[in-house]
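Subject: Structure handover

Hello,

Here is the structure I promised to pass on. Please open it and keep it beside you while you read my notes.

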Amino acid sequence: MTVRAIVTGASSGIGRETAVALSAAGIETVLVARRRDALLETAARCPAPHQLFVADLAKPGSEVEVVDYAQSLGEGVKPVLINAAGMAEFGSIEALTADSLQRQIEINLLAPARLCHEVLPWMLKEGSGHIVNVLSVVASQPLPNTGAYAAAKAGLLMFGKVLSAEVRRKGILVTSVLPGAVDTPIWDAMDFKPNRADMIPSSMVAEAIVQAVLAGPKMAVDELHLMPPKGLL
Ligand SMILES: NC(=O)c1ccc[n+]([C@@H]2O[C@H](COP(=O)([O-])OP(=O)(O)OC[C@H]3O[C@@H](n4cnc5c(N)ncnc54)[C@H](OP(=O)(O)O)[C@@H]3O)[C@@H](O)[C@H]2O)c1
């Protein structure tokens, strides 16, 4: 059966590497992010059929356009959703602004939850599907200065668990991925500068995600904890 994966955050980091690795495994991809030029760079590395879809997922309603587009490419496939788009603004809760709280919850919790909700009818119609939510180790471990980000990731962790309990017997799997620090451009803008050489290579996170997706028919990978060997960061 043809597998078609919507990959958000496909213009950079984990999303980009996951799209490339899925494509190398012969999976069709729909590459989603705001920056077309960066999506084109990802597309150039994808050997399997792929499409670009430029969207700002922080805008409610964009999830409808993304899923409608992916479905319009043809039915009779196994739909996969990789929620990798995300952002982080680290700092103490005391220093957190209302705008930053809103931004982080919007893109790290509400946007992926809206996509899960929107893709579900298509997956139920096909009788198969797989959702992978890229969370963070801070979804399950309190780390100072990550309040809003951690709250969003923890919220999506439980959203995915409930969704899984509701739909796994209908052929739809949900995998939550909880990585520690991964070497991606997300760290470029951070004041906090851990040693990038100690972080997990993004291509290794991507390979783990592809393995979880490919395992789908025979084994459900519910949660993946991926840590840099030296520890959290
Ligand atoms: N790197 C780490 O250490 C680490 C650890 C644990 C978890 N994570 C999680 O892994 C995921 C990927 O992060 P990364 O490290 O790969 O970061 P990254 O390289 O900065 O990539 C973030 C991606 O999210 C997309 N994005 C952000 N806001 C968006 C919006 N409003 N609409 C559409 N797309 C948007 C960006 O695309 P555009 O800018 O083109 O829109 C980009 O493709 C995130 O969910 C992050 O929280 C990262």
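First, a term. Two rings of Phe, Tyr or Trp (its six-membered ring) pair if their centres lie within 6.5 Å; planes under 30 degrees apart count as stacked, over 60 as edge-to-face and the rest as tilted. By that rule, ring pairs link F90, Y149, W187 and F192 into a cluster.

Before going on, some ground rules. This is a predicted model, where local features need pLDDT of at least 70, side-chain atom pairs count only at pLDDT 80 or more, and totals for chains, interfaces and linings use all residues. Residues are numbered from 1 along each chain as its sequence is written, and side-chain values use heavy atoms, with hydrogens and water left out.

**Aromatic pairs**

The search of the whole structure finds 4 aromatic pairs. Take F90 and W187. Their ring centres are 6.3 Å apart and their planes sit at 70°, so this pair is edge-to-face. The pair links distant parts of the chain, 97 residues apart. F90 is in the loop between β4 (78-83) and α4 (98-126), and W187 is in the loop between β7 (182-183) and β8 (200-201). Helices (H or I, at least four residues) and strands (E, at least two) are DSSP runs, numbered from the N terminus.

Are these two residues buried or exposed? Buried means under 20% relative accessible area, exposed over 50%, and partly exposed in between (1.4 Å probe, protein chains only). W187 has 7%, so W187 is buried. F90 has 32%, so F90 is partly exposed.

**Nonpolar cores**

A nonpolar core is a set of buried Ala, Val, Leu, Ile, Met, Phe, Trp, Tyr and Cys residues joined through side-chain atoms within 4.5 Å. The largest one has 34 residues. V7, L22, L31, I82, V205, I209 and V213 touch the most other members. Several elements give two or more residues, including β1 (3-8), α1 (13-24) and α6 (202-215). The largest share, 7 residues, comes from α6. A second, separate core of 25 residues includes L57, A85, L120 and M123.

What does L22 touch, beyond its neighbours within four places in sequence? L22 is in contact (heavy atoms within 4.5 Å) with A5, V7, I27, T29, I82 and V210.

**The ligand**

Now the ligand. A polar side-chain atom of T184 lies 2.5 Å from a ligand oxygen atom. A backbone N or O atom of A84 is 3.2 Å from an oxygen atom of the ligand. For a polar backbone atom of G86, the distance to a ligand oxygen atom is 3.3 Å.

**Around helix α4**

S100 and R103 both need a look. S100 is found in helix α4, and its relative accessible area of 7% makes S100 buried. R103 lies in helix α4 and is partly exposed at 40%.

Which residue do their side chains share? E89 is joined to S100 by a polar contact of 2.5 Å, and to R103 by one of 3.0 Å. A polar contact is a pair of N or O atoms within 3.5 Å; within protein, one must be able to donate a hydrogen and the other to accept it, and residues adjacent in sequence count only if both atoms are side-chain atoms.

Best wishes
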